[in-house]
Amino acid sequence: MSNATTNFGSSSSTMKTFEFGRTYVVRPRGQHQATIVWLHGLGDKGSSWSQLLETLPLPNIKWICPTAPTRPVALFGGFPCTACKNSLVYLSSGSKIITIKKSLVRCKPYYLSCNSLMSQPAKFFISGFDVGDISEDAPDDLEGLDASAAHVANLLSTEPADIKLGVGGFSMGAATALYSATCRVLGHYGNGNLYPVNLNAVVGLSGWLPCARTLRSRMEGSHEAARHAASLPILLCHGLCDDVVAYKHGEKSAQTLNSARFRNLTFRTYNGLGHYTIPEETDEVCNWLTTKLGLEGP
C-alpha cells in the first residue's frame with residue numbers, strides 16, 4: 001500500500017496538488033500479462049474493490065486500486081461528502097448493499113468503512129473531481145478530471161513494456177476511466193498536456209461520460225484520433241434500476257462514444273440491477289477482459 005500526490009494544472013506556472021489516499025495492489029496469481037487501474041465510486045475507497053477483484057478468476061491481471069482525494073461536492077453546496085439524486089448506494093467488502101438517504105447525509109456526516117457505517121467525523125473519498133449534476137449540460141470539473149486521469153497514467157507508466165494496460169471503475173470511477181479513454185484517443189488531457197500511456201482496455205460500470213457534449217467536435221479532423229478510437233476496446237455496463245446514476249446516462253454515454261467513432265464498444269444492460277454490481281456483471285467483465293486482452297495460461 002502507498003500514498004501518492006499528483007501535481008497537475010493548466011500550465012507549468014499554476015500547479016494544483018491533489019492528495020490521493022492509499023493505493024492497494026492485487027498481485028497476479030499467475031503469469032503477469034496485464035495491469036488495470038480500478039477506480040472506486042462515490043464515498044468508497046480502494047480497499048473495498050481490491051477485496052472483490054482478488055476473488056475474480058483473472059490470475060494474469062495485476063490490479064491497482066487507488067483511493068481518491070477527499071474533496072467538497074457541489075451537489076451538497078460544497079459539503080465534503082458524496083451523493084447523487086435521492087440516495088447513496090455502496091457495495092461493502094462483504095457484498096452487502098448499504099443505502100444512505102440524502103437527507104441523512106445532510107444532517108449528520110458518516111464514515112463509510114468496508115464493513116459498516118459509524119457515526120463519527122466525516123472522511124469521504126471521491127474520484128478526484130467534483131460533480132454538481134450528472135447531465136450533458138452540466139459543467140465539467142476539467143482540472144479535477146485531468147488530475148485523476150494523470151494519476152491513473154502515472155500508476156500505469158511504470159509497468160513493464162510487454163504488459164497490457166487498462167483502466168476501469170465504478171460510478172465516478174467509471175467516469176474517470178471513460179475520460180482517460182478520450183485522453184488516450186486524443187493524445188492529450190483537457191489542458192493540452194500529452195497523455196503518456198497506451199490503453200488496451202477500458203471498463204465502466206454504472207457510470208457516465210464526462211465532457212460528452214464536446215467530444216465529437218474535439219475528434220473532428222483528426223484521423224489519428226479516429227484510428228485510436230476505432231481500436232480501443234471499451235465495455236460499459238449499466239443497470240436499468242440504477243437510482244443513483246440513471247440508466248439513461250449510461251445509455252447516452254454509449255451513444256455519444258459510438259457517434260464519435262469508438263467502434264470497439266460493448267454496452268451491456270442488466271434488468272433489476274441498481275447502483276451496485278452482481279456476479280452476472282463481474283462474469284461479463286472477466287470474459288470480456290480475457291478476450292480483449294488475449295489473456296492465456298495460468
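**Working through the model**

Mentor: Helix α7 is followed by Arg 261, a residue with a positive phi, near 75 degrees. Helices (H or I, at least four residues) and strands (E, at least two) are DSSP runs, numbered from the N terminus. Please note that this is a predicted model, in which local features need pLDDT of at least 70 and side-chain atom pairs count only at pLDDT 80 or more, while totals for chains, interfaces and linings use all residues. Residues are numbered from 1 along each chain as its sequence is written, and side-chain values use heavy atoms, with hydrogens and water left out.

Trainee: How many helices and strands are there in the protein?

Mentor: The secondary structure comes to 8 helices and 12 strands. Of the 298 residues, 55% count as buried. Buried means under 20% relative accessible area, exposed means over 50%, and partly exposed lies in between (1.4 Å probe, protein chains only).

Trainee: Back to α7, then. How many residues does α7 have, and how far does it reach?

Mentor: α7 has 13 residues, and its first and last C-alpha are 19 Å apart, close to the 18 Å expected at 1.5 Å a residue. The expected span is 1.5 Å times one less than the number of residues.

Trainee: Which residues of α7 are buried, and what do they pack against?

Mentor: The buried ones are Tyr 247, His 249, Gly 250, Ser 253, Ala 254, Thr 256 and Leu 257. They pack against α4 (172–186), α5 (215–219), β11 (234–239) and β12 (265–270).

Trainee: Why does Ser 253 count as buried?

Mentor: Ser 253 counts as buried because its relative accessibility is 6%. This residue is found in α7, which covers residues 247–259.

Trainee: Which residues does Ser 253 contact, aside from neighbours within four places in sequence?

Mentor: Those are Trp 208 and Leu 209, where contact means heavy atoms within 4.5 Å. The side chain of Ser 253 also reaches the backbone nitrogen of Leu 209 at 2.9 Å. A polar contact is a pair of N or O atoms within 3.5 Å; within protein, one must be able to donate a hydrogen and the other to accept it, and residues adjacent in sequence count only if both atoms are side-chain atoms.

Trainee: How far is Ser 253 from Arg 213?

Mentor: The two are 40 residues apart in sequence and 10.0 Å apart in space, C-alpha to C-alpha.

Trainee: Are they buried or exposed?

Mentor: Ser 206 has 0% relative accessibility and therefore counts as buried. Cys 211 is at 8%, so it counts as buried too.

Trainee: New topic: how much space lies in the second largest pocket?

Mentor: About 150 Å³ lies there. Of its 13 lining residues, the closest to the centre are Leu 142, Tyr 179, Gly 190, Cys 211 and Arg 218. α4 gives the most to the lining, with 4 residues. On a 1 Å grid over the protein atoms alone, a pocket is an open set of points where a 1.4 Å probe fits, with protein on both sides within 12 Å along at least five of seven lines; lining residues have an atom within 4 Å of a point. Grid points are joined across faces, edges and corners, and a volume is the space filled by probe spheres set on the points.

Trainee: Which residues touch the most other members in the largest nonpolar core?

Mentor: Of its 39 residues, they are Leu 199, Val 202, Met 219, Ile 234 and Phe 262. Elements giving two or more residues to this core include α3 (142–157), α4, α5, β11 and α7. A nonpolar core is a set of buried Ala, Val, Leu, Ile, Met, Phe, Trp, Tyr and Cys residues joined through side-chain atoms within 4.5 Å.

Trainee: How many residues of α3 are buried?

Mentor: The count is 12 of 16, so α3 is mostly covered. Among them are Gly 144, Asp 146 and His 151.
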